[in-house]
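Have the model open and ready to turn while you read.

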Amino acid sequence: MFSNILIYFVVIPVVMLGALALCRDIKQIRAVAVTGSVALTALSVWLLVEYLSLRAAGETAEMLFMGSWSWFTPLNINLAVGVDGISIAMLLLSSIILFTGSFASWEIPQPKEFFLWLILLSTGVYGFFISIDLFTMFMFYEVALIPMYLLIGVWGSGNKNYSAMKLTLMLMGGSAFLMLGLIGIYYHSAPAGQPLTWNILEIAKNDAISHGWQTFLFPMTFVGFGVLGAMFPFHTWSPDGHASAPTAVSMLHAGVLMKLGGYGCFRVAIFLMPQAANELAWIFLILTGISVVYGAFSACVQNDLKYINAYSSVSHCGLVLFAILMLNTTAMTGAIMQMLSHGLMTALFFALIGMIYGRTHTRDIREMGGLMQIMPYLSVCYVIAGMASLGLPGLSGFVAEMTIFVGSFEHADLFHRCFTIAACCSIVITAVYILRVVGKLLYGPVQDDHHRSLTDATWWERLSTATLIVCVAAIGCFPNFFADLIRFTFSPEIFTVLGMN
């Protein structure tokens, strides 16, 4: 079992949990958190290199590094793992954000307990991205969600108990829909007389889910994952949860956890039920289109830095689901690139907001001003994050959004093009709230004389933010590398069924 490299994405976090339980002082806790996150990042990079080498050598299998071990034979449940380019991109994103989040939480209170729950959350995230068995994928999905209640309820701020409970109830509600959908897929996963399976690749190969059952099960699975992707009208947990969460949790939550929704919608709902996706996509296009525009407009009227970024995340994550539902290769490639771009830039945003809040003790932009002259490093980083969010060329946001809009506009009918134009308008709205915040927060007169004595970023804060900025710039400057990594992984079979090009 341990000969498969993918298992170590779960083994390393579990070892970190054991090591954290034995730690007795803050230095040991920090050492375990940083060492483990570095190991996971190195493993992700190595996996990427090996994957590209195998593809260059002519390997054409849909998934690589596959392995399967029987877990519960009566229901054919296996610990089945495998990755493609999309999975590897998500693993790399998760590792980078966990690494930078560890430094962003350098001075968190009760660090031992905090990192125990944070690492447990990341265990679920890694397990989800490497799983190709629906049951184990759902299990890791739940492992990733459950720690959020305590991480927000104990270490959060503001109305944290309400936010933690609201987040938990809404995500568990989505999980209930998802569980019913997955059970339905399992009982229609193979032709009559053949053994049922939870394996995603086998289910797709069997093509045994009838059109009627696809029509019934697709909305359940898409809504189940869509709740985590902040799809309208199930998005209301997101702004409250982000606003109350501690810095590293906001980074991991917005940067990675919400990506489980988009990844699941593609990997399960669309990949396994393409006929229903083709027929019902228009319904969810309306909902996700509303998410894109509504989230951007809502961000314009907020004064709390975290709420501004939280509603921005609703808009950007809505754009991911919007692009996936366009059902063509260009838009779907843009959707995955948007997941990477948003994950990095929103993690940078939340890290900077946490650092600014730790100094000023306020997140209200009306109570701050002139921070550029007081803490220039953090201010410049905030400007860079803002420029990435509004789609400045040379940064990741531009590449991802342009790919989405070009792919979406490939549809020649009026319905798709009208919604594409509406989604494009979100760029203008994004520029409004980003420039508004930058102007109020960083320029103008200093609102509080106490702020004049504040210090700029420490070395660990500089390391965290600089790492994220480099990654955002790398995607913006070398988009072909990431686009090719993603595009190669799409299944020709599903494209044929959906009429993709």
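Where is the place of Leu75? Leu75 sits in the loop between β1 and β2. Before going further, a word on what you're looking at: this is a predicted model, where local features need pLDDT of at least 70 and side-chain atom pairs count only at pLDDT 80 or more, while totals for chains, interfaces and linings use all residues. Residues are numbered from 1 along each chain as its sequence is written, and side-chain values use heavy atoms, with hydrogens and water left out.

Strand β1 (residues 64-72) pairs with strand β2 (residues 77-83) in the antiparallel sense, over 6 bridges; two strands count as paired if DSSP finds at least two bridges between them. Helices (H or I, at least four residues) and strands (E, at least two) are DSSP runs, numbered from the N terminus. Across the pair, Ser70 stands opposite Asn78 in β2. Together β1 and β2 make a hairpin with 4 residues between them, and Asn76 in the turn has a positive phi of about 55°.

Leu75 also belongs to a nonpolar patch on the surface, along with Trp71, Phe72, Phe135, Met179, Ile183 and Tyr187; together they have about 670 Å² of accessible area. Here β1 and α7 (160-186) are the elements that give two or more residues. Patch members have over 30% relative accessible area and no salt bridge, with like charges joined within 9 Å and nonpolar side chains (Val, Leu, Ile, Met, Phe, Trp, Tyr) within 5 Å. The areas come from the Shrake-Rupley method with a 1.4 Å probe, and for residues only the protein chains shown count as cover.

The side chains of Lys166 and Asp240 meet at 2.9 Å, N to O. That pair links distant parts of the chain, with Lys166 in helix α7 and Asp240 in helix α10, 74 residues apart. The structure holds 6 salt bridges.

Now for the backbone. Most residues other than glycine have a negative phi, and most peptide bonds are trans. Gln110, in the loop between α3 (85-104) and α4 (111-130), has a positive phi near 50°. Phe232 and Pro233 are joined by a cis peptide bond with omega about 5°, and Pro233 is found in the loop between α9 (211-228) and α10 (237-244).

Grid points are joined across faces, edges and corners, and a volume is the space filled by probe spheres set on the points.

The largest pocket has a volume of about 640 Å³. Its lining has 26 residues, with Ala104, Glu107, Thr247, Gly354 and Gly358 nearest the centre. Helix α15 gives the most to this lining, 6 residues.

The count of cavities of 30 Å³ or more is 4, and the largest cavity has a volume of about 70 Å³. Among the residues lining the largest cavity are Leu305, Phe349, Tyr382 and Tyr433. Helix α14 supplies the largest share, 4 residues.

Methods
1 Å grid on protein atoms, 1.4 Å probe; cavity = no way out; pocket = protein on both sides within 12 Å on 5 of 7 lines; lining within 4 Å. Salt bridge = Lys/Arg side-chain N within 4 Å of Asp/Glu carboxyl O.
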